Amino acid sequence: YFFRYLWLLMAGLMILFIISQAIFTKRTLTYYPDFYQPLSQDIVGWYPAQRISYDSDPSKDLIRLLAEPVYLKVYSPVDFKILEVEGEINTNGLEASLGLRQGDGSWQFLPIAVGSFSVDFDLTNAQIKRNQLEIILSIPQMSSTSSIDLMNNWEITLKR
């Protein structure tokens, strides 16, 4: 009987260990997306890919926006209250805004400043499909001759 209970105990501990590794318990989750890889485990975007051009000079580390809008999906393993997006953008004087898709299908837009910016979205009414939040980058005044650069140094933080 001793070995039988020992094996049951070891199996139970193994199951508890696996479950504890699958549960996210931290207060914040920060992503450092690499926009040169439009598809990763936790980030999808920017898409559609036809609206993005990757600069040929790797030292610049930027992405050129050819058309707008472009979208980004962020994976959220559990419920969070705030989505914070930080980064750099060069819009050459055009007004830009980031939006978060809401539960009714609309967008909550917040203006972003040229250069370094930081915006916070309240996730209370956000639409979450398959544990993903959808973000839109919109520059309505953009024309075919506009030059918009997104630096590849964005941070996306989810907070409880």
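Start with burial: 36% of the 160 residues in the protein chain are buried. The model is predicted. Keep the whole chain on screen for a moment.

**Whole chain**

Display the protein chain as a cartoon. Reading along the sequence, the order is α-β-β-β-β-β-β-β-β-β-β-β-β. Along its principal axes it spans about 80 × 40 × 25 Å. The radius of gyration is 20 Å, whereas a compact globule of 160 residues would have one near 15 Å.

**Stop 1: the helix**

Select residues 2-22. This is helix α1, and F2 lies in it. Show the side chain of F2. It counts as exposed because its relative accessible area is 60%, and the cut-off for exposed is over 50%. Together with F2 they form a nonpolar patch on the surface. The accessible area of the patch is about 600 Å².

**Stop 2: the aromatic cluster**

Select F35, W46, F117 and W154. These four form one aromatic cluster. The structure as a whole holds seven aromatic pairs. Two of them are worth a close look.

Take F35 and W46 to begin. Their ring centres are 5.5 Å apart and their planes stand at 45 degrees, so this pair is tilted. F35 sits in the loop between β1 (28-31) and β2 (43-47), and W46 in strand β2, so the pair ties together parts that are eleven residues apart in sequence. F35 is buried, at 1% relative accessible area. W46 is buried too, at 2%.

W46 and W154 pair edge-to-face, with 5.4 Å from centre to centre and 85 degrees between the planes. W154 belongs to the loop between β11 (148-151) and β12 (155-159), while W46 is in strand β2, so this pair ties together parts that are 108 residues apart in sequence. Are W46 and W154 buried or exposed? Both are buried.

**Stop 3: a charge over a ring**

Select F80 and R160. R160 lies over the face of F80, at 5.7 Å from the ring centre.

**Stop 4: the salt bridges**

How many salt bridges does the count come to? There are three. Visit each in turn.

Select R64 and D149. Their side chains meet in a salt bridge, at 2.8 Å from N to O. R64 is in strand β4 and D149 in strand β11, so the bridge ties together parts that are 85 residues apart in sequence. R64 counts as partly exposed, at 30% relative accessibility. D149 counts as buried, at 10%.

Move to K159 and E84. Here the side chains meet in a salt bridge at 2.9 Å, N to O. K159 is in strand β12 and E84 in strand β6, distant parts of the chain that lie 75 residues apart. K159 is partly exposed, with 30% relative accessibility. E84 is buried, with 11% relative accessible area.

Then select E134 and R101. The closest N and O atoms of this salt bridge are 3.0 Å apart. The pair links strand β10, which holds E134, to strand β7, which holds R101, across 33 residues. Both E134 and R101 are buried.

**Stop 5: backbone details**

Hide the side chains and show the backbone. Most residues other than glycine have a negative phi, and most peptide bonds are trans. The sites below depart from that pattern.

- Select Y47 and P48. The peptide bond between them is cis, with omega near 0 degrees. P48 lies in the loop between β2 and β3 (52-54).
- Select E68 and P69. Their peptide bond is cis as well, with omega near 0 degrees. P69 is placed in the loop between β4 (62-65) and β5 (70-75).
- Select N92. Its phi is positive, near 55 degrees. N92 is in the loop between β6 (82-90) and β7 (96-101), and counts as partly exposed at 48% relative accessibility.
- Select N131. Phi is positive here too, near 60 degrees. N131 belongs to the loop between β9 (115-122) and β10 (132-138). At 33% relative accessibility, N131 is partly exposed.

Technical notes: Residues numbered from 1 in each chain as written. Predicted model: local features only at pLDDT ≥ 70, side-chain atom pairs only at ≥ 80, totals over all residues. Heavy atoms only, no water. Patch = residues over 30% accessible without salt bridge, like charges linked within 9 Å, V, L, I, M, F, W, Y side chains within 5 Å. Areas by Shrake-Rupley, 256 points an atom, 1.4 Å probe, with all protein chains shown as cover. Salt bridge = Lys/Arg side-chain N within 4 Å of Asp/Glu carboxyl O. Helix = DSSP H or I, 4+ residues; strand = E, 2+ residues; numbered from the N terminus. Buried < 20%, exposed > 50% of the residue type's maximum accessible area, 1.4 Å probe, protein only. Phe/Tyr/Trp six-rings, centres within 6.5 Å; stacked < 30°, edge-to-face > 60°. Lys NZ or Arg CZ within 6 Å of the ring centre and 35° of its normal. Rg over C-alpha atoms; globule rule 2.2 N^0.38 Å.
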